[in-house]
Amino acid sequence: DARAAGCLSGRLEGLAHTADNLRRCLLAPLGRCDLFIYAPADAHSHLAERLRPTVLEVAPDRPLPEGGLENDVNCRLKTGVQGYLQQLHGLKMCNRLRLDYERRQGIRYDWVVRCRPDLLFEAPLPDPQALDLSYLHLPDFHTYEGANDRFAIGNPQNMTTYMEKFDAVHHYVRRWAT
């Protein structure tokens, strides 16, 4: 029986409007799915309970080291340096929740899905078992000179690489700007 991990990270203010859609169009098609949410502590973090996460971590945003990155000087980031670092940090922390849970429970996921909590799907997710999981699957729109940051699905190894970009951000963002 295939098993999926859903990983949501980011601000949860939109979840008041997206939770039912995410349950119906994302989580239900995944079947046997554990849900991991990492969110900043704010007035909306309580909304995570609408999705009944397997593991939830709510933590205050803290300034992250920018390592000399300056937006529009040595990198080009739509959200600015701190916004981008916070997003990548949230991805990494959400992945760590999944990895820790896998280790503690002695389980292994067949595929991992990363989704922002503010998404609305037009239709239910197609059957993930039909995907070639040797690839990372991302939408091909809103790429902003990189990869779409809203949704991704792949095998656990590829998703760990995708979700732990924070560890190499200073290197690749500088390369990206040149």
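In this predicted model, D42 has a relative accessible area of 27% and is therefore partly exposed. The side chain of D42 meets that of R11 in a salt bridge, with a nitrogen-to-oxygen distance of 3.2 Å. R11 belongs to the loop between β1 and α1 (15–30), whereas D42 belongs to the loop between β2 and β3 (55–59), so this contact ties together parts that are 31 residues apart in sequence. R11 likewise counts as partly exposed, at 43% relative accessibility.

A further salt bridge links R11 to D61, where the closest N and O atoms are 2.7 Å apart. Because D61 is located in the loop between β3 and α2 and R11 in the loop between β1 and α1, the pair connects parts separated by 50 residues in sequence. D61 is partly exposed, with a relative accessibility of 39%. Through shared partners, the salt bridges join R11, D42 and D61 into one network.

Over the whole structure, ten salt bridges are found. Among them is the pair formed by R3 and D34, whose closest N and O atoms lie 3.0 Å apart. R3 is situated in the segment before β1 (4–9) and D34 in strand β2 (residues 33–40), so the two tie together parts that are 31 residues apart in sequence. R3 counts as buried, at 16% relative accessibility, and D34 also counts as buried, at 10%.

Just after α2, G106 adopts a positive phi of about 65°.

Methods. Residues are numbered from 1 along each chain as its sequence is written. This is a predicted model: local features need pLDDT of at least 70, side-chain atom pairs count only at pLDDT 80 or more; totals for chains, interfaces and linings use all residues. Side-chain values use heavy atoms; hydrogens and water are left out. Helices (H or I, at least four residues) and strands (E, at least two) are DSSP runs, numbered from the N terminus. A salt bridge is a side-chain nitrogen of Lys or Arg within 4 Å of a carboxyl oxygen of Asp or Glu. Buried means under 20% relative accessible area, exposed over 50%, partly exposed in between (1.4 Å probe, protein chains only).
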